[in-house]
Amino acid sequence: MLNNIGLPGLLLIAVVVLVLFGRGKISSLMGEVGKGITAFKKGVDDGKKELDDSMASAKDVTPEEEKDKA
């Protein structure tokens, strides 16, 4: 059903949404979406950094005789 909307259908939906909610409401909503995306990216970067830090501080507990075999 949604495979054949096309450009005219998308434009019609955009106009209806604009009429229903108004320009101010839509722009504030998009601002909130942008803030959410930014916060998500920051969280992912913080998680990667925390994981890298924990990997850097990981202690090698391999016995000495096992290290010689590798």
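This is a predicted model: local features need pLDDT of at least 70, side-chain atom pairs count only at pLDDT 80 or more; totals for chains, interfaces and linings use all residues.
K35 counts as exposed, because its relative accessibility is 56% and the cut-off for exposed residues is over 50%. K35 forms a salt bridge with E32. In this pair the closest N and O atoms are 3.8 Å apart, so the contact meets the rule that asks for a side-chain nitrogen of Lys or Arg within 4 Å of a carboxyl oxygen of Asp or Glu.

## The D46–K42 pair

Side chains of opposite charge can pair when their charged atoms come close. By the salt-bridge rule the count comes to 2. One of the bridges joins D46 to K42, with an N to O distance of 3.6 Å. Both D46 and K42 lie in helix 1, and they are 4 residues apart, again about one turn of the helix.

The two residues fall into separate accessibility classes. K42 has 55% relative accessibility and therefore counts as exposed. D46 has a relative accessible area of 40%, which means that D46 is partly exposed.

## Helix 1 and residue G43

The protein has 2 helices and 0 strands. Helix 1 covers residues 6-56. G43 also has its place in helix 1, and G43 counts as partly exposed because its relative accessibility is 40%. The C-alpha atom of G43 is separated by 16 Å from that of S54, and these two residues are 11 residues apart along the chain.

I13 has 45% relative accessibility and so counts as partly exposed.

## Overall shape and surface

The radius of gyration of the protein is 26 Å, whereas a compact globule of 70 residues would have a value near 11 Å. Taken along the principal axes, the C-alpha atoms fill a box of roughly 75 × 30 × 15 Å. Of the 70 residues, 1% count as buried, where buried means under 20% relative accessible area.

The accessible surface of the protein comes to about 6600 Å². Carbon and sulfur atoms account for 66% of this surface.

The protein carries 10 positive and 11 negative charges. The mean position of the positive charges lies 15 Å from the mean position of the negative charges.

Methods: Residues are numbered from 1 along each chain as its sequence is written. Side-chain values use heavy atoms; hydrogens and water are left out. Buried means under 20% relative accessible area, exposed over 50%, partly exposed in between (1.4 Å probe, protein chains only). The radius of gyration is taken over C-alpha atoms; the globule rule is 2.2 Å times the number of residues to the power 0.38. Accessible areas come from the Shrake-Rupley method with a 1.4 Å probe; for residues, only the protein chains shown count as cover. Lys and Arg count as positive and Asp and Glu as negative; His and the chain ends are not counted. The place of a charge is taken as NZ of Lys, CZ of Arg, CG of Asp or CD of Glu.
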